[in-house]
Amino acid sequence: MPLCSDAQQPSGPQEQKLFDLTNQARSEHGAQLLVWDDALASAAKAHTQRMIDQRTLSHQFQGELDLPSRAGQAGAHFHEIAENVAMGGNVDTLQKEWMNSTQHRTNILDPRLDHVGVSVMERAGYLYATVVFDTAVATMGVDQTEQKIANLLRQRGVDPSRPADAARKDCAVDSGDVSGSRPLFVMRWEGSDLNRLPDVLEQRLRSGRYKTASVGTCAAGGTRNQGFTTYRIAVLLY
């Protein structure tokens, strides 16, 4: 049964079949089923149209944005992304071709990927197809982001209740302590996974030396493409 909501589902029977075949392959190999994503499907559709126009396969044509930028412009937010393209007589042939190719098969079965969008178009009796996979990231606000990190610190025996303003100020600079709060240790990093702390910070926390913390976020400066969701965070330990 297709794993998609009424609001997000394949637009045609060919896309539906390829979506179902992809999830069937994942199910047979013990991978979590993919969820349909309209933003990824929109990016896939635009690229498939380019392949139709050019009458050839490619992951990026001259003058076309790269995959992360295309998906980001379509509204996707992610920290992993991949794409399969193919041309063939029918959907079953396309899927078989991908499953017999190491890289394409890896994309289909990658357990890190959880969302997908599919586009299939026909020209002169041949089907052109694009499948875009990603690991979706929910865009979180400042308070939500800081609370996620604060909860991790709390689990490690550190009280994160110091005012966030201090960490926010130090987050915005590359080094030093501009907050004037005199922390014993300052950790800054950028990442998309809010479920874990950097190894360096984990090592510091295991020392048992620190009792309280300030957690703050600021604008990330290291994102290369607009679709990649990256957070910049600072933790001040006292």
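## Exercises on a predicted model

D110 is buried, with a relative accessible area of 10% (buried means under 20% relative accessible area, exposed over 50%, partly exposed in between, with a 1.4 Å probe and protein chains only). This is a predicted model, where local features need pLDDT of at least 70 and side-chain atom pairs count only at pLDDT 80 or more, while totals for chains, interfaces and linings use all residues. Residues are numbered from 1 along each chain as its sequence is written, and side-chain values use heavy atoms, leaving out hydrogens and water.

**Exercise 1.** Find the salt-bridge partner of D110 and say how accessible that partner is.

*Solution.* Begin with the rule: a salt bridge is a side-chain nitrogen of Lys or Arg within 4 Å of a carboxyl oxygen of Asp or Glu. For D110 the partner is R112, with the closest N and O atoms 2.9 Å apart. Next, look at accessibility: R112 is partly exposed at 49%.

**Exercise 2.** Work out which parts the salt bridge between K17 and D92 ties together.

*Solution.* First, the pair itself: the closest N and O atoms of K17 and D92 are 2.7 Å apart. Then place each residue: K17 lies in helix 1 (residues 13-28) and D92 in helix 4 (residues 91-99), so the bridge links parts that are 75 residues apart in sequence. Helices (H or I, at least four residues) and strands (E, at least two) are DSSP runs, numbered from the N terminus. Finally, check accessibility: K17 is partly exposed at 37%, and D92 is partly exposed at 39%.

**Exercise 3.** Describe the open sheet of three strands, then find what packs on it.

*Solution.* Start with the order, which is 5-7-6, with antiparallel pairing; two strands pair if DSSP finds at least two bridges between them. At the edges are strand 5 (185-191) and strand 6 (213-218), each pairing on one side only.

**Exercise 4.** Is V118 buried or exposed, and what does V118 contact?

*Solution.* First locate V118 in strand 3 (residues 115-123). V118 is buried, with a relative accessible area of 4%. Beyond its neighbours within four places in sequence, V118 is in contact (heavy atoms within 4.5 Å) with several residues, including L18, W36 and V131.
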